[in-house]
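Reader: I am new to this structure. Please take me through the terms and what backs them.

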Amino acid sequence: IVCFIGRSNVGKSSLIKALFSLAPEVEVRVSKKPGHTKKMNFFKVGKHFTVVDMPGYGYRAPEDFVDMVETYLKERRNLKRTFLLVDSVVGIQKTDNIAIEMCEEFALPYVIVLTKIDKSSKGHLLKQVLQIQKFVNTKTQGCFPQLFPVSSVTFSGIHLLRSFIASVTGNLD
Ligand SMILES: Nc1nc2c(ncn2[C@@H]2O[C@H](COP(=O)(O)OP(=O)(O)OP(=O)(O)O)[C@@H](O)[C@H]2O)c(=O)[nH]1
Ligand SMILES: [Mg+2]
């Protein structure tokens with residue numbers, strides 16, 4: 001199992017949709033309104049692999065978010081990796097820090113994915129990437145050292161992330 005967490009509207013559902021665009025049995029709902037995903041959604045991919053789309057935290061998050069998500073992340077034994085999505089336009093926000101602290105506290109192996117890279121200029125993106133990379137290198141323990149910048153609109157970075165997920169879940173063919 002791998003799961004995707006991040007602030008409301010950061011692009012979790014869109015990313016899952018982009019990653020599994022080749023697997024038509026995976027049907028992901030995306031909405032313009034933040035706070036769209038209210039429950040944890042489980043998508044079975046193949047026989048041995050499940051993806052979890054989590055509700056977003058922050059703005060218009062469901063009230064039981066903390067209970068639902070924290071409890072899940074804390075107790076899930078076969079959770080292979082947690083993908084923590086950060087909006088590349090605005091970088092790491094307060095609520096992202098809370099999620100990062102939660103991953104650190106539960107000693108979850110997690111990976112930071114930068115979303116919506118089509119929205120900012122190359123220069124702005126580079127600045128955010130360097131800043132977040134420095135944060136990862138100096139302030140985190142459980143975070144994978146490489147960032148994955150992606151766009152669900154242009155599909156930039158999607159192939160690499162898909163391969164990474166395949167390798168951590170043992171689904172490489
Ligand atoms: N430009 C751009 N827009 C994106 C990208 N990914 C998502 N969006 C837009 O961002 C909005 C939110 O996307 P969702 O995938 O629903 O976000 P979410 O994180 O699942 O949101 P919640 O379910 O509310 O937590 C939608 O309007 C998407 O079209 C991207 O890579 N580039
Ligand atoms: Mg969603």
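Author: Start with accessible area: it comes from the Shrake-Rupley method with a 1.4 Å probe. By that method, the protein exposes about 9,500 Å². Carbon and sulfur atoms supply 53% of that area. Keep in mind that this is a predicted model.

Reader: What makes up the secondary structure of the protein?
Author: Five helices and six strands. From the N terminus, the order is β-α-β-β-α-β-α-β-α-β-α.

Reader: What makes a residue count as buried?
Author: Its relative accessible area is under 20%. In the protein, 48% of the 173 residues are buried.

Reader: Why is strand β4 called largely enclosed by the rest of the structure?
Author: Strand β4 covers residues 81-87, and seven of its seven residues are buried, so the strand is largely enclosed. In a regular strand, side chains alternate between the two faces of the sheet. Both faces of β4 are covered. R81, F83, L85 and D87 are buried on one side. T82, L84 and V86 are buried on the other.

Reader: How do you know that β1 and β4 pair?
Author: Pairing needs at least two bridges. Five bridges join β1 (residues 2-6) to β4, so by the definition they pair. The two strands run parallel. G6 has L85 in β4 as its bridge partner.

Reader: Which sense does the pairing of β4 and β5 take?
Author: Parallel, over six bridges, with β5 spanning residues 110-115. T82 has Y110 in β5 as its bridge partner. From β4, the chain crosses through helix α3 (residues 94-105) to β5. This β-α-β crossover is right-handed.

Notes
Residues are numbered from 1 along each chain as its sequence is written. Chains are lettered from A and ligands numbered from 1 in the order in which they are written. This is a predicted model: local features need pLDDT of at least 70, side-chain atom pairs count only at pLDDT 80 or more; totals for chains, interfaces and linings use all residues. Side-chain values use heavy atoms; hydrogens and water are left out. Helices (H or I, at least four residues) and strands (E, at least two) are DSSP runs, numbered from the N terminus. Buried means under 20% relative accessible area, exposed over 50%, partly exposed in between (1.4 Å probe, protein chains only). A crossover is right-handed if, with the strands pointing away from the viewer, the path from the first strand over the helix to the second runs clockwise.
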